[in-house]
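Try each task before you read its solution.

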Amino acid sequence: FATAKYGRFAYTTNTASNSVSSYYISSWGALYLVQSTAATTDNGPVDIVVEANNYFVYELNGKAGSIGGYHIRILGGLILMGNASGLPTSATGLATY
């Protein structure tokens, strides 16, 4: 589960369905599903981060040994920018700066 810089959008990976879901967080903290499948991923997404600049989301696919990169659209949608592959399937986490 990862939240955007200003706390209005959140993203989670769904390992069983190979997807990312997006949520809106209200000013009083309520969580609302925006898209159950905001993005389709490679096999086995296990971690997700939002870059500090609030423009990009990255997710780690453990079974595929890849990282997917997405641009955040208006209202929290995601557009696939590309994938980086060749990671060991033992990779377990992501971090951004």
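**Exercise 1.** Where is the place of Ser90?

Solution. Ser90 sits in the segment after β8 (78–85). Strands are DSSP runs of E with at least two residues, numbered from the N terminus. This is a predicted model: local features need pLDDT of at least 70, side-chain atom pairs count only at pLDDT 80 or more, and totals for chains, interfaces and linings use all residues. Residues are numbered from 1 along each chain as its sequence is written, and side-chain values use heavy atoms, with hydrogens and water left out. Next, check the surface. Ser90 has a relative accessible area of 58%, so Ser90 is exposed (buried means under 20%, exposed over 50%, partly exposed in between; 1.4 Å probe, protein chains only).

**Exercise 2.** Describe how β2 pairs with β1 and β3.

Solution. Strands pair if DSSP finds at least two bridges between them. Start with β1 (residues 2–3): two bridges join this strand to β2, and the two run antiparallel. Ala2 has Tyr11 in β2 as its bridge partner. Now take β3. Six bridges join β2 to β3, again antiparallel. Here Ala10 stands opposite Tyr23. Finally, look at cover: five of the six residues of β2 are buried.

**Exercise 3.** Which residue in the turn between β2 and β3 has a positive phi?

Solution. Most residues other than glycine have a negative phi. Asn18 has a positive phi of about 50° although it is not a glycine. Four residues lie between the two strands of this hairpin.
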